[in-house]
Amino acid sequence: MTTGAPPPIRPARPRRSGPLKFLPLGIAAWLVLEIWLLTVVAGATSGLVVLLLLVGGLVLGSAVIKRAGRRAFRKLSEAVQQQQGGIPPEPTADGGGGGALTMLGGLLIILPGLISDALGLILLVPPVQKALGRYTERAIDRKMRKLGETTPGGLGDAFQRARMHRPDGKVVQGEVIRDEPPARDPRPDDPQLPH
């Protein structure tokens, strides 16, 4: 028996873009390649050498991440102390992305496998970090500009409005906070007032 009501409409699943469509396949191929490479190294040498390589990668990657984390915390505390003292924070020479790439390199070294170790060691090279940091910054800036052009009032537009240009040409991220007066006089029985 039908009631005459239309069947429920299911929302369409968003389609994945080209590279994201093949991401699971790429991860599976990478894992198979890592395991195959470890078995080749174990066959050429011994299982003990592979175990020592994996443990060495774990120790080295942990040390890299720990060092990068300490450096990032030290830079953050120095910036907070400078800001509290009224001194403007000094710009970093690495562009600000060196710590994140160092941590990513350490994480890749921790992952078991020789390809991930090689990629992690490449990420620890300072010229590679600078080049990747500049590329990532440009790509994010392009994406934000494109997002701001397509959707007025969107996220990209908000980032553009939040930028404040200083007289020396530097761009400082900022936020506008409006203090609005209360609509009426507060009464003693209002819950936000201390009793």
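Me: Contact means that heavy atoms lie within 4.5 Å of each other. With which residues is Glu-34 in contact, once its neighbours within four places in sequence are left aside?

Reply: Glu-34 is in contact with Pro-112, Gly-113, Leu-114, Ile-115 and Ser-116. Please note that this is a predicted model, in which local features need pLDDT of at least 70 and side-chain atom pairs count only at pLDDT 80 or more, while totals for chains, interfaces and linings use all residues. Residues are numbered from 1 along each chain as its sequence is written, and side-chain values use heavy atoms, with hydrogens and water left out.

Me: How many helices and strands does the chain have, and in what order do they run?

Reply: Helices (H or I, at least four residues) and strands (E, at least two) are DSSP runs numbered from the N terminus. Here the chain has 7 helices and 2 strands, and the order from the N terminus is α-α-α-α-α-α-α-β-β.

Me: Is Glu-34 buried or exposed?

Reply: Buried means under 20% relative accessible area, exposed means over 50%, and partly exposed lies in between (1.4 Å probe, protein chains only). Glu-34 belongs to helix α2, residues 23–44, and is buried because its relative accessible area is 3%. Of the 195 residues of the chain, 12% count as buried.

Me: What does the side chain of Glu-34 reach?

Reply: A polar contact is a pair of N or O atoms within 3.5 Å; within protein, one must be able to donate a hydrogen and the other to accept it, and residues adjacent in sequence count only if both atoms are side-chain atoms. The side chain of Glu-34 reaches the backbone nitrogen of Leu-114 at 2.8 Å.

Me: Where does Ser-116 lie, and what surrounds this residue?

Reply: Ser-116 is part of helix α5, residues 114–123, and is buried, with a relative accessible area of 0%. Apart from neighbours within four places in sequence, Ser-116 is in contact with Trp-30, Glu-34, Leu-108, Ile-109 and Leu-111. A polar atom of the Ser-116 side chain lies 3.3 Å from the backbone oxygen of Leu-111. Although Glu-34 and Ser-116 are 82 residues apart in sequence, their C-alpha atoms are 8.2 Å apart in space.

Me: What does the span of helix α3 show?

Reply: The expected span of a helix is 1.5 Å times one less than its number of residues. The 38 residues of α3 should therefore span 56 Å, and its end C-alpha atoms agree with this at 55 Å apart. After α3 comes Gly-86, whose phi is positive, near 85°.

Me: Which residues of α3 are buried, and which helix holds Thr-102?

Reply: In α3 the buried residues are Val-50, Gly-57, Gly-61, Val-64 and Ala-68. Thr-102 is in helix α4, residues 98–110, and counts as buried because its relative accessibility is 9%. Beyond its neighbours within four places in sequence, Thr-102 is in contact with Val-64, Ala-68, Leu-124 and Gln-129.

Me: How far is Gly-133 from Leu-101?

Reply: Gly-133, a residue of helix α6 (residues 126–150), is partly exposed, with a relative accessible area of 26%. The C-alpha atoms of Gly-133 and Leu-101 are separated by 8.1 Å, while the two residues are 32 apart along the chain. Among contacts between residues at least 6 apart in sequence, 43% join residues at least 24 apart.

Me: Is Leu-52 buried or exposed?

Reply: Leu-52, in helix α3 (residues 47–84), is exposed, with a relative accessible area of 56%.
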